[in-house]
Amino acid sequence: LAIREGMAISIEDPSWLAEVTEAYRRSSELMLHIDRVDEALEMAEQYLLAASINADADKDKAKRMRRALGTVCWSATNGASNRKNLERAILVGKWAVDIEPRVDWISLNYAHALMLSGASDAARDIYHKIDKESAEEAKKLKAQVLQDFDTLKRRGYGHIMMTEIQTEWGM
């Protein structure tokens, strides 16, 4: 991967860097899937770096950066036992939401980090925004939140708010 990254930066063809960027994103997801949280965070940060230097900068740069920040946020939240990871999750989550405030997986990752950090009111505000979405979208987002809660609980990051939210939604 390091060789490909070097080639991607040194060659004018933007598809090389796009490929490296995608490889880091997928590597981060895979590392989380096999519970290698530290490695997932490292790959997510490399994904963010690659997304930021992508030669195809004019095309959807803000969207790409927001997705990469959301991935770093989720990976760091999954390593919340390390306070620095949780602080990082909150920082990058805020940046991502500031790029484009809307209710989606990125803002929900930010809400999870806020919840685990003790900023329950701010997290609850984000979770409650789901109810303002269309019925179909709200159902999808709520299912995603509950799946995320299960993942976080499995990693030892349960929080009383998880049960409260699930009860409020009747799920």
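This is a predicted model: local features need pLDDT of at least 70, side-chain atom pairs count only at pLDDT 80 or more; totals for chains, interfaces and linings use all residues.

User: What share of the residues in the protein chain is buried?

Analyst: A residue counts as buried when its relative accessible area is under 20%. The protein chain has 171 residues, and the share of them that is buried is 44%.

User: What part of the contacts with a separation of 6 or more joins residues 24 or more positions apart?

Analyst: Here a contact means heavy atoms within 4.5 Å. Taking the contacts in the protein chain with a separation of 6 or more, the part that joins residues 24 or more positions apart is 58%.

User: Which residues does Leu 116 touch, not counting residues up to four places away in sequence?

Analyst: Leu 116 is one of the residues that touch the most other members of the largest nonpolar core. Leaving out residues up to four places away in sequence, the residues touched by Leu 116 are Thr 77, Ala 80, Leu 86, Leu 152, Tyr 157, His 159 and Met 162.

User: Are H7 and H9 roughly parallel or roughly antiparallel to each other?

Analyst: The axes of H7, which spans residues 120–129, and H9, which spans residues 160–168, come within 12 Å and cross at roughly 25°. From H7 the contact is made by Ser 120, Ala 123, Arg 124, Tyr 127 and His 128, and from H9 by Met 161, Glu 164, Ile 165 and Glu 168. By class, these residues divide into 4 nonpolar, 2 polar and 3 charged. Angles under 35 degrees count as roughly parallel, and H7 and H9 are therefore roughly parallel.

User: What is the handedness of the crossing of H5 and H6?

Analyst: H5 and H6 pack with their axes 9 Å apart, at an angle of about 145°. Among the residues that meet are Leu 86, Ile 90 and Val 97 in H5 and Tyr 110, Leu 114 and Leu 116 in H6. The contact of H5 with H6 has 10 nonpolar, 3 polar and 2 charged residues. While H7 passes H9 in a right-handed crossing, the crossing of H5 and H6 is left-handed.

User: Is Thr 71 buried or exposed?

Analyst: Thr 71 is found in helix H4, and, leaving aside its neighbours within four places in sequence, Thr 71 is in contact with Ser 28, Ala 44, Tyr 47 and Trp 105. Its relative accessible area is 11%, and the cut-off for this class is under 20%, so Thr 71 is buried.

User: Is Asn 85 buried or exposed?

Analyst: Asn 85 lies in helix H5 and touches Leu 41, Ala 76 and Gly 79, not counting residues up to four places away in sequence. At 7% relative accessibility, Asn 85 counts as buried.

User: How far apart in space are Thr 21 and Ser 52, C-alpha to C-alpha?

Analyst: Thr 21 is found in helix H2 and is buried, with a relative accessible area of 7%. Although Thr 21 and Ser 52 are 31 residues apart in sequence, their C-alpha distance in space is 9.4 Å.

User: What separation is there between the C-alpha atoms of Lys 140 and Ile 130?

Analyst: Lys 140 lies in helix H8 and is exposed, with a relative accessible area of 55%. Lys 140 and Ile 130 are 10 residues apart along the chain, and their C-alpha atoms are separated by 9.6 Å.

User: Which loop holds Asp 35?

Analyst: Asp 35 has a positive phi of about 60°, although it is not a glycine. Asp 35 is partly exposed, with a relative accessible area of 40%, and it lies in the loop between H2 and H3.

How values were computed: Residues are numbered from 1 along each chain as its sequence is written. Side-chain values use heavy atoms; hydrogens and water are left out. Axes are lines fitted to C-alpha atoms, for helices over the stretch in contact, and angles run from 0 to 180 degrees between N-to-C directions. Helices (H or I, at least four residues) and strands (E, at least two) are DSSP runs, numbered from the N terminus. Angles under 35 degrees count as roughly parallel, over 145 as roughly antiparallel, 65 to 115 as roughly perpendicular and the rest as oblique. A crossing is left-handed if the near helix is turned anticlockwise from the far one by less than a right angle, and right-handed if clockwise. Ala, Val, Leu, Ile, Met, Phe, Trp, Tyr, Cys and Pro count as nonpolar, Asp, Glu, Lys and Arg as charged, and the others, Gly among them, as polar. A nonpolar core is a set of buried Ala, Val, Leu, Ile, Met, Phe, Trp, Tyr and Cys residues joined through side-chain atoms within 4.5 Å. Buried means under 20% relative accessible area, exposed over 50%, partly exposed in between (1.4 Å probe, protein chains only).
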